[in-house]
Amino acid sequence: MSTPAFSPMGSTVNLAATTTTGSVALSGFGAGGGNVRVYNSGAVVVFINFGGSAVTAVLTTSMPLAPGATEVFAVGEGMYLAGITASGSATVYATIGHGV
């Protein structure tokens, strides 16, 4: 059984990650959620976290997303993406879809 390639289903949102945690809503999922493709377009590591509307990212416990990295995550509907940098800033793009 093969895994389907990532197929975008909605708009791409962006998060301007800085040294202060920020978040953005991930919308456009059908019932049950789906996948989100996350791309760090910056030159610094962005520490990311997923959760509800109050989600935050923390340097010591959130997942690092390397500069130039793209990852696909399974998330539920109504989720938010949070991000923070240790220094500098980076734009993180998140696209809703299915597959990897």
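## Strands, cores and selected residues of a predicted model

The strands β3 and β8 run antiparallel and are joined by six bridges. On β1, valine 13 stands opposite alanine 94 of β8, and the strands β1 and β8, which also run antiparallel, are joined by eight bridges.

### Overall form

The secondary structure of the protein consists of eight strands and zero helices, so that, because helices and strands are read as DSSP runs numbered from the N terminus, the pattern along the sequence is written β-β-β-β-β-β-β-β. Taken along the principal axes, the box filled by the C-alpha atoms is roughly 40 × 25 × 25 Å. The radius of gyration of the protein is 13 Å, which agrees with the value near 13 Å that a compact globule of 100 residues would have.

Of the 100 residues, 37% count as buried, while the protein exposes about 5,100 Å², with carbon and sulfur atoms supplying 55% of that area. Among contacts between residues at least 6 apart in sequence, 83% join residues that are at least 24 apart.

In soluble globular proteins, nonpolar side chains tend to be buried together. Here, the largest nonpolar core has 19 residues, and those with the most contacts inside it are Leu26, Val36, Val38, Phe50, Leu81 and Val92. At least two residues of this core come from each of β1 (7–17), β3 (34–40), β4, β6 (70–75) and β8 (90–98). The largest share, four residues, is supplied by β8. A second, separate core has five residues, among them Phe47, Val55, Ala57 and Ala82.

| Residue | Relative accessibility | Class |
|---|---|---|
| Serine 62 | 10% | buried |
| Tyrosine 80 | 25% | partly exposed |
| Threonine 85 | 1% | buried |
| Asparagine 49 | 30% | partly exposed |

Asparagine 49 is found in strand β4 and, with a relative accessible area of 30%, is partly exposed. A polar atom of the side chain of asparagine 49 lies 3.0 Å from the backbone oxygen of threonine 56. Not counting residues up to four places away in sequence, asparagine 49 touches Val55, Thr56, Ala57, Ser62, Tyr80, Leu81 and Ala82. Asparagine 49 and proline 64, which are 15 residues apart in sequence, have C-alpha atoms 9.1 Å apart in space.

Serine 62, which asparagine 49 touches, has its place in the loop between β4 (46–51) and β5 (63–65). Because its relative accessibility is 10%, serine 62 counts as buried, the cut-off for that class being under 20% relative accessible area. A polar atom of the side chain of serine 62 lies 2.8 Å from the backbone nitrogen of valine 58. Beyond its neighbours within four places in sequence, serine 62 is in contact with Phe47, Ile48, Asn49, Thr56 and Ala57.

Tyrosine 80 belongs to strand β7, residues 80–85, and counts as partly exposed at 25% relative accessibility. With residues up to four places away in sequence not counted, tyrosine 80 touches Ser23, Val24, Ala25, Leu26, Asn49, Phe50, Gly51, Gly52, Ser53 and Val55. The C-alpha atoms of tyrosine 80 and valine 100 are separated by 19 Å, the two residues being 20 residues apart along the chain.

Threonine 85 also has its place in strand β7, and with a relative accessible area of 1% threonine 85 is buried. The backbone oxygen of serine 87 lies 3.4 Å from a polar atom of the side chain of threonine 85. Leaving aside neighbours within four places in sequence, the contacts of threonine 85 are with Ala17, Thr18, Thr19, Val44, Val45, Val46, Leu59 and Ala90.

Technical notes: Residues numbered from 1 in each chain as written. Predicted model: local features only at pLDDT ≥ 70, side-chain atom pairs only at ≥ 80, totals over all residues. Heavy atoms only, no water. Rg over C-alpha atoms; globule rule 2.2 N^0.38 Å. Buried < 20%, exposed > 50% of the residue type's maximum accessible area, 1.4 Å probe, protein only. Contact = heavy atoms within 4.5 Å. Areas by Shrake-Rupley, 256 points an atom, 1.4 Å probe, with all protein chains shown as cover. Polar contact = N/O pair within 3.5 Å; in protein donor to acceptor, adjacent residues only side chain to side chain. Core = buried A, V, L, I, M, F, W, Y, C linked by side-chain atoms within 4.5 Å. Pairing = 2+ DSSP bridges.
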